[in-house]
Amino acid sequence: MHKDLREDVADAASRVLDASWTGSHTVPATGLYPHQWSWDSAFVAIGNRHRAPHRARTELRTLLDAQWADGRVPQIVYDTARGDDYAPGPEFWGGPRGGAPAGSRPTSGLVQPPLHAWAAWLVHCADPAGSVRAGFLARTYPRLARWHEYLRNRRTGSVGLPVTKHPWETGTDNSPLWDAALERVPPLARTPVRRPDLAHAGAGERPGSRDYRRYYRLAEAYRDAGCDDDVPVGFAMVCPLFGTLLAVSELALARMATTLSDDGAATAHTAAAARVVAALDEHLWDEDLGLYVALDDTTGERVRRATVNGLVPLLLADRLAPGRAERLLATLAGPGFLGGGRYLPSTSRHDPAFDPALYWRGPAWFNMSWLLLRAVGALGRDDLVARLREQFAAAAPGGFPEYVDPDTGTPRGTRQFSWTAALTLDVLL
Ligand code: 9WN
């Protein structure tokens, strides 16, 4: 991209991030998502580290200030001062919970994929001097380590991988990976379902009302059990995306521990990452589909659907079983994914549920393309890097959309979406 054009795009992306900055954190999008979301803040910090490292550090520290006593980092930290509407709101979860520090903002009881330690490490490396002056690693490492302890002690399922208790926890809410498990959840919630989201995105681009009734039902069950992970709620899914980000983040914790001169802790994090990778390889690999799949921890059955979630283990290429990385690259480049159209779809074009407009069932998402870009870049696959970058080159003209049609490039979902702007900055700068 020409230098002047690159600067224009960077300015436009920065304006999106400035408009969504509250002084302590970035909202994913004004209007649709007016609070702080867990993995959104990690993606946003990754982009902001280049232009505003102080803000990137504050973003992550604000999120970690809402960490529960049990170590979980919540999916949503509510900002009750903002006028925009989102449901379910803080009243659904019942105010500050879980022994969160006094005065802290109310949160959801759910979690999201553990990208945070990796993001914190990237933020540190972008400005090591500023990070040291702020005591960033010394302050965040213990909290991130406790977050991973929570996942290890409270969320590890029968195959040694973290279990998600709700589709919202996967970050890929209506992916076909969750269809069969959700089918068993009665679409009946006590709380009336409100859909303020539909004022900001087309109904054909968002989950349907039956999905929402099930989402509420599951969230009620978890909330009513006091968010106690020992109580089964009717959904316990193992996702290759969640597990991969945990392993990558464990490796980041190892680097932080080494930097903080704690070699014993570094060894423990590296060993924890190796255990996750071994379990991914043993339990989630699907030889026919040529990628990793999800697993239902309640039944022990694998969910044999091809989604972008199952390509993300490519981030761990040099640690996977022999031959797996090559197969993943072939699947990524093949007709179900990049080879079959313009951009990387969230669900394979060959899956019966593929829908180019519908949220996690087909549209191309910028965070997924960014994760795969990191993976193929590390492997020196410049051809695939070039293909994945095309989506980012189109982000600014499309108004930094939440997701796009993978075939036509038509923007979908909300616009001026923070992680789209942040990751565009990361890719183009
Ligand atoms: C529920 C904020 C979040 C993202 C998720 C994305 C979407 C929320 C929703 O928006 O989920 O968490 O209301 O649909 O699926 O990945 O973190 O951007």
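In this predicted model, Ala422 is in contact with Leu17, Phe43, Val44, Ile46, Gly47 and Asn48, leaving aside residues up to four places away in sequence. Ala422 also belongs to the largest nonpolar core, which comprises 127 residues. Together with Ala119, Met237, Val276, Leu344 and Leu372, Ala422 is among the residues that touch the most other members of this core. Helix 11, spanning residues 240–259, supplies the largest share of the core, namely 12 residues. In soluble globular proteins, nonpolar side chains tend to be buried together.

Helix 3 covers residues 53–65 and thus has 13 residues. From its first C-alpha to its last, helix 3 reaches 18 Å, close to the 18 Å expected at 1.5 Å a residue. Its buried residues are Pro53, Arg55, Ala56, Arg57, Thr58, Glu59, Leu60 and Leu63. The elements covering these buried residues include strand 1 (36–37), strand 2 (76–77), helix 2 (38–48), helix 5 (116–126), helix 6 (128–133) and helix 7 (136–154).

Strand 9, residues 403–404, pairs with strand 10 in the antiparallel sense over 2 bridges; Tyr403 has Arg412 of strand 10 as its bridge partner.

Definitions and conventions: Residues are numbered from 1 along each chain as its sequence is written. This is a predicted model: local features need pLDDT of at least 70, side-chain atom pairs count only at pLDDT 80 or more; totals for chains, interfaces and linings use all residues. Two strands pair if DSSP finds at least two bridges between them. Helices (H or I, at least four residues) and strands (E, at least two) are DSSP runs, numbered from the N terminus. A nonpolar core is a set of buried Ala, Val, Leu, Ile, Met, Phe, Trp, Tyr and Cys residues joined through C-beta atoms within 7 Å. A residue is buried if 20 or more other C-beta atoms lie within 10 Å of its own, exposed if 12 or fewer, and partly exposed in between; C-beta atoms are placed from the backbone. Two residues are in contact if their C-beta atoms, placed from the backbone, lie within 7 Å. The expected span of a helix is 1.5 Å times one less than its number of residues.
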